[in-house]
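I open this notebook to record the salt bridges of a predicted model.

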Amino acid sequence: MKLKKFISAAAIAALVCSGISAKAVTVSATGTGNNGEALSAQADFVINGSNLEITLANLGTYDPNDGQDILTAVSFDISGSPALTAVSGVLTLSSTIKNGTTPGDGAIGNQWAYKSGLSGAPGNAAYGISAAGFGLFGSGDLFPNGSLPNDGGTPPDGVAYGLTTLSDSTGNDNGGISGRALIANGAKFVLSGLPEGFSLDQISNVRFQYGTSLTEINIPEPTGFVLTLAGLGLFSVIRRKRS
């Protein structure tokens, strides 16, 4: 059984007004894939000094067989439009590279891009982190760390190094992902330059993109932007408890 405590956006706003600021929030969203897969994506946003840390994970339990099953990007808005700089992208603990070599230092930055001031992103989001180009991201937007070999073109390109599930096997892969390097199942990205007094309630319009085209599956944040709150010391957040 999985247990999770949630705090609404209104509660977050009340805490901020009272002078208490959340240091971490989790946005989770679910959807249905083209072949009926139960899609599940999650983004953790954490304030660490002047850095914004974003951990993106594909939590689906299905076995992907095409590119539209792969989580390739997250986009969002930040009120005040702070100018942030890409610092690093690394594998999360226990994540590995499927159909490739897992780097000892976990660095994957040369395969993922960050950009602000986006135009034409789903939901008109202004900020994005992506393994695919989508006509929005280019080689000049890549994170500065990592030396993974290219797989399919000049990154960010295609589904290469996108996020697959921990249930991914190779027997059912079609030509879109067969033999392609993919990450199972999460990556952490660091952006620097948060202004003093920044609050996580300034983040909104979080959306999860699958595949390699903006016409493919895009899952928005749940209605009302339900957040998991952590790091206040006033609340106990149970991420996952199994019994």
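Entry 1. I looked up R180 and D151 and found both residues buried. Their side chains form a salt bridge, with 3.4 Å from N to O. R180 sits in the loop between β9 and β10, and D151 in the loop between β8 (127-130) and β9, so this pair ties together parts that are 29 residues apart in sequence.

Entry 2. I turned to K98 and D173, whose side chains meet in a salt bridge at 3.1 Å, N to O. The pair links distant parts of the chain, 75 residues apart: K98 belongs to strand β6 (residues 96-98), and D173 to the loop between β9 (163-164) and β10 (182-184). I note that K98 has 11% relative accessibility and counts as buried. D173 is also buried, at 13%; the cut-off for this class is under 20%.

Entry 3. I then examined K188 and E53, whose side chains meet in a salt bridge of 3.5 Å, N to O. K188 lies in strand β11 (residues 186-192) and E53 in strand β3 (residues 51-58), so the contact ties together parts that are 135 residues apart in sequence. Are the two partners buried or exposed? K188, at 28% relative accessibility, is partly exposed, whereas E53, at 12%, is buried.

Entry 4. For the model as a whole, I recorded a count of 4 salt bridges.

Definitions and conventions. Residues numbered from 1 in each chain as written. Predicted model: local features only at pLDDT ≥ 70, side-chain atom pairs only at ≥ 80, totals over all residues. Heavy atoms only, no water. Helix = DSSP H or I, 4+ residues; strand = E, 2+ residues; numbered from the N terminus. Buried < 20%, exposed > 50% of the residue type's maximum accessible area, 1.4 Å probe, protein only.
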